[in-house]
Amino acid sequence: MPLRQISFVLGDAPPPRLDKALARDVPEQAALSRTRIGRLLACGSVQVNGATVQDPKARAQAGDEIVISVEEAQESHILPEDIPLDIIYEDSHLVVINKPAGMVVHPAPGSPSGTLVNALLAHCGADLSGVGGMKRPGIVHRIDKDTSGLLVVAKSDAAHHGLADQFEAHSVERYYQALVYGVPDGNDPRLRGMKGVSFEPGNIVKITTQLARHKTDRQRQAVLFQGGRHAVTRARTVERFGTPACLALMECWLETGRTHQIRVHMAHAGHALVGDPTYGGKRRLPAKALPEISAETVRSFPRQALHAAVLGFVHPVSGEDMRFEAPLPQDMLSLLDAARVALS
């Protein structure tokens, strides 16, 4: 694969560690984050004064001559497809999409085409830079196929690294709306005694666990309290439905961002999402809590009732605070309207 070489000289008073010094002085147009520089060091792609150096902790000195070899971006094997997109915002570095339910973000064995990446390759065309060595959109986070709502995609290396760093630092603002069975309540002794569940002022439920792939079903995530990856979800009740209340519209926000996190955590708390085929189980509505026509609408909802409603981050190039909102899609609006129908 062709290589391009980035050459520069370390300036005065560099940080003592080589990786930090490189991250400080590498030309801005190279769009190399400290994380990427660390990987390049590890694979022997960095020379200091003509000698290959792989230790990120090697001592850096002013005047060191640096050459970093980076693979040139190659054309992606993924084919562009002319698929309509709901674009909320776009500039030369990134694009914010309101993804419909049913669209997969990235091609996979079960979904080789018709994905968001296929659509973005057609939409962006020659505007795409070499994200990670390949001319493709930079996917820095995902939402499930049957979850609707907002996600940001990088168009340039600079945006890709900057956004990835923010997601890794858990500094991105992400709010979701979900319709769940039951109504989480801080006065519920069942919830009060549940491991990993606590309450904060304002009746905000906080769920703190570890998450990892299920031992026997690799398509599922499982709640753990040892091992796995740390995961924290908060949620508050926005609206209650039924007499007695049997459903709740929840606003959920993520401190971390793990696969299926909201779906797994709400199910762990006993408040699985309506329509969730993986974690919803066979949850039933209380008899006569809703009119039968409303109950049937809830029972037959064809996807998890989850929408990524708010996305906020710092623009990775301009430094501007960015915040976007996407209204609930029509299927969830119709679901809520059905749940609001009062018993006669």
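How many bridges join S12 to strand S17, residues 247–254? I counted seven, with S12 and S17 running antiparallel.

**Ground rules.** I'm working on a predicted model, where local features need pLDDT of at least 70, side-chain atom pairs count only at pLDDT 80 or more, and totals for chains, interfaces and linings use all residues. Residues are numbered from 1 along each chain as its sequence is written, and side-chain values use heavy atoms, with hydrogens and water left out. For pairing, I need DSSP to find at least two bridges between two strands. Helices (H or I, at least four residues) and strands (E, at least two) are DSSP runs, numbered from the N terminus.

**Overall.** I get eight helices and 19 strands for the protein. Along the principal axes, the C-alpha atoms fill a box of roughly 80 × 45 × 40 Å. Of the 344 residues, 47% count as buried; I take buried as under 20% relative accessible area, exposed as over 50% and partly exposed as in between (1.4 Å probe, protein chains only).

**Around S12.** Back to my opening strand: S12 also pairs antiparallel with strand S18 (residues 306–314), through six bridges. I looked up tyrosine 175 and found valine 310 as its bridge partner in S18, while tryptophan 253 stands opposite tyrosine 175 in S17.

**The four-strand sheet.** Next I checked an open sheet with antiparallel pairing and the order S1-S4-S2-S3. S1 (3–9) and S3 (51–52) are at the edges with a single partner strand each, so one side of each has no neighbour in the sheet. Helix H1 (residues 18–25) packs on this sheet, touching S1, S2 and S4, and its direction makes about 95° with that of S1. Touching here is contact, meaning heavy atoms within 4.5 Å; the axes are lines fitted to C-alpha atoms, for helices over the stretch in contact, with angles from 0 to 180 degrees between N-to-C directions. Helix H2 (residues 34–42) lies across S2 and S4, at about 90° to S4. S2 (residues 46–48) and S4 (residues 65–71) pair over three bridges, and valine 48 has isoleucine 66 as its partner in S4. In the loop between S2 and S3 I found asparagine 49, whose phi is near 55°, positive in a residue other than glycine. Asparagine 49 is partly exposed, at 46% relative accessible area.

**The largest pocket.** I read its space as about 1,300 Å³. The search ran on a 1 Å grid over the protein atoms alone, and a pocket is an open set of points where a 1.4 Å probe fits, with protein on both sides within 12 Å along at least five of seven lines; lining residues have an atom within 4 Å of a point. Grid points are joined across faces, edges and corners, and the volume is the space filled by probe spheres set on the points. I have 37 lining residues, with Arg142, Asp144, Arg258, Thr259 and His260 nearest the centre. H4 (157–168), S12 (173–181), S14 (204–213) and H6 (261–268) each supply at least two lining residues.

Which loop holds histidine 260? I place histidine 260 between S17 and H6. Its phi is near 60°, again positive in a residue other than glycine, and histidine 260 counts as buried at 16% relative accessibility.

The peptide bond from threonine 243 to proline 244 is cis, with omega near 0°. I find proline 244 in the loop between S16 (229–241) and S17.
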